[in-house]
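This report turns to the way two neighbouring elements of one chain meet, and then to the chain as a whole.

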Amino acid sequence: GRLVADRRSLAIGAAVTTLAIVAMGFDHLRGDDPGWEDPPAFFISVAICLAVAIGLFGVLIPRLRTDPNRAAKWSLGVGVFSVLSIALIWLGVPWILAGSAIALGLIGRGGNRSRLATAAIVLGAFTFVLCGVGSDWSSEG
């Protein structure tokens with residue numbers, strides 16, 4: 001059968017990918033001088049964000065959506081990795097990892113490992129907040 005993520009996971013994936021791309025625009029394109037600051041870094045970070053989003057929301061999550069127990073285990077791993085990836089904020093990757101930890105955690109809450117899944121949701125939300133605080137929204141010197 002065809003692998004398809006559930007609507008909630010797709011909505012989360014679309015939202016975090018959009019936020020990551022917008023944040024990368026602020027981080028790499030806006031600056032004090034007129035014109036774009038660093039277009040190559042912007043396009044590279046967008047390509048990385050899209051690749052990670054496709055891998056997680058297009059491949060991993062659809063494979064795990066019918067197995068809440070495996071989704072819970074994966075969600076915790078992705079959640080921990082999302083926190084560790086905050087050092088890659090300039091690439092946008094933590095946004096995508098945080099969203100996928102949340103999406104996998106929501107799937108995992110339907111199984112026997114709901115505590116793992118809940119922990120993953122908390123880790124994903126924590127990373128998401130760190131992304132919002134750590135992104136360069138103003139780009140003022």
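This is a predicted model: local features need pLDDT of at least 70, side-chain atom pairs count only at pLDDT 80 or more; totals for chains, interfaces and linings use all residues.

H4, which spans residues 93-108, packs against H5, which spans residues 114-134, with an angle of about 155 degrees between them and a distance of 8 Å between their axes. Because angles over 145 degrees count as roughly antiparallel, H4 and H5 are therefore roughly antiparallel to each other. The crossing in which H4 passes H5 is left-handed.

The setting of this pair is a chain that has five helices and zero strands, so that, following the definition of these elements, the pattern read along the sequence is α-α-α-α-α. Of the contacts in the chain with a separation of 6 or more, 73% are between residues 24 or more positions apart.

The table gathers values for the whole chain.

| Property of the chain | Value |
|---|---|
| Buried share of the 141 residues | 39% |
| Accessible surface | about 7400 Å² |
| Share of the accessible surface belonging to carbon and sulfur atoms | 65% |

Terms used: Residues are numbered from 1 along each chain as its sequence is written. Side-chain values use heavy atoms; hydrogens and water are left out. Helices (H or I, at least four residues) and strands (E, at least two) are DSSP runs, numbered from the N terminus. Buried means under 20% relative accessible area, exposed over 50%, partly exposed in between (1.4 Å probe, protein chains only). Contact means heavy atoms within 4.5 Å. Accessible areas come from the Shrake-Rupley method with a 1.4 Å probe; for residues, only the protein chains shown count as cover. Axes are lines fitted to C-alpha atoms, for helices over the stretch in contact, and angles run from 0 to 180 degrees between N-to-C directions. Angles under 35 degrees count as roughly parallel, over 145 as roughly antiparallel, 65 to 115 as roughly perpendicular and the rest as oblique. A crossing is left-handed if the near helix is turned anticlockwise from the far one by less than a right angle, and right-handed if clockwise.
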